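User: Hi! I'd like to go through this model and ask how its labels were reached. Could you walk me through them?

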Amino acid sequence: MTKLDGNGLWESSRMMLPEHRETIIRRQLEEGRKDRPTLDLQEMELIEQALAESFNEHRTLTVRLFDEYENTELTGIVVLIHTFRREIKLSITEGEWQWIKVDEITSVSRN
């Protein structure tokens, strides 16, 4: 196809401003964004019960965390619970741990 065929002249002379490019990228990110699931009181109670059980009995569990684009899962043992800040300290491997906000947890499965 040459520049003179169809819409070739317009297609070959098209430019994109940086502002337009940023807007296109932002829209693509917004399309992939997910909303936070709402958990009822019973589900929250089951999650908190599983976290307390892991803390008291040193049981391994898998925690699924909410993220706007992709959910993540962490497996480990709860070694510390801060009830006032609503956070847990999850020991992932020997010497490796991570603080997790309880409100970010969408589900828990016991291993």
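User: Why is His58 called exposed?

Analyst: Happy to start there. This is a predicted model, in which local features need pLDDT of at least 70, side-chain atom pairs count only at pLDDT 80 or more, and totals for chains, interfaces and linings use all residues. Residues are numbered from 1 along each chain as its sequence is written, and side-chain values use heavy atoms, with hydrogens and water left out. Buried means under 20% relative accessible area, exposed over 50%, and partly exposed in between (1.4 Å probe, protein chains only). His58 has 57% relative accessibility, so His58 counts as exposed.

User: What makes the backbone of His58 worth a look?

Analyst: His58 has a positive phi of about 55° although it is not a glycine. Most residues other than glycine have a negative phi. Helices (H or I, at least four residues) and strands (E, at least two) are DSSP runs, numbered from the N terminus.

User: Which accessibility class does Arg86 belong to, and why?

Analyst: Arg86 is at 31% relative accessibility, so Arg86 counts as partly exposed. Arg86 lies in the loop between strand 2 and strand 3, and has a positive phi of about 55° without being a glycine.

User: How many aromatic pairs are there by this rule?

Analyst: The count comes to 1 aromatic pair. Rings of Phe, Tyr and Trp (its six-membered ring) pair if their centres lie within 6.5 Å; planes under 30 degrees apart count as stacked, over 60 as edge-to-face and the rest as tilted. Trp97 and Trp99 have ring centres 6.3 Å apart and planes at 85°, so the pair is edge-to-face.

User: How do you know that a charge sits over the ring of Trp97?

Analyst: The rule asks for NZ of Lys or CZ of Arg within 6 Å of the ring centre and within 35 degrees of the ring normal. The charged end of Lys89 sits over the ring of Trp97, 4.2 Å from its centre. Arg85 lies over the face of Trp99, at 5.7 Å from the ring centre.

User: What is the span of helix 3 set against?

Analyst: The expected span is 1.5 Å times one less than the number of residues. Helix 3 (residues 41-57) has 17 residues and reaches 24 Å from its first C-alpha to its last, close to the expected 24 Å. Its buried residues include Met44, Ile47 and Leu51.
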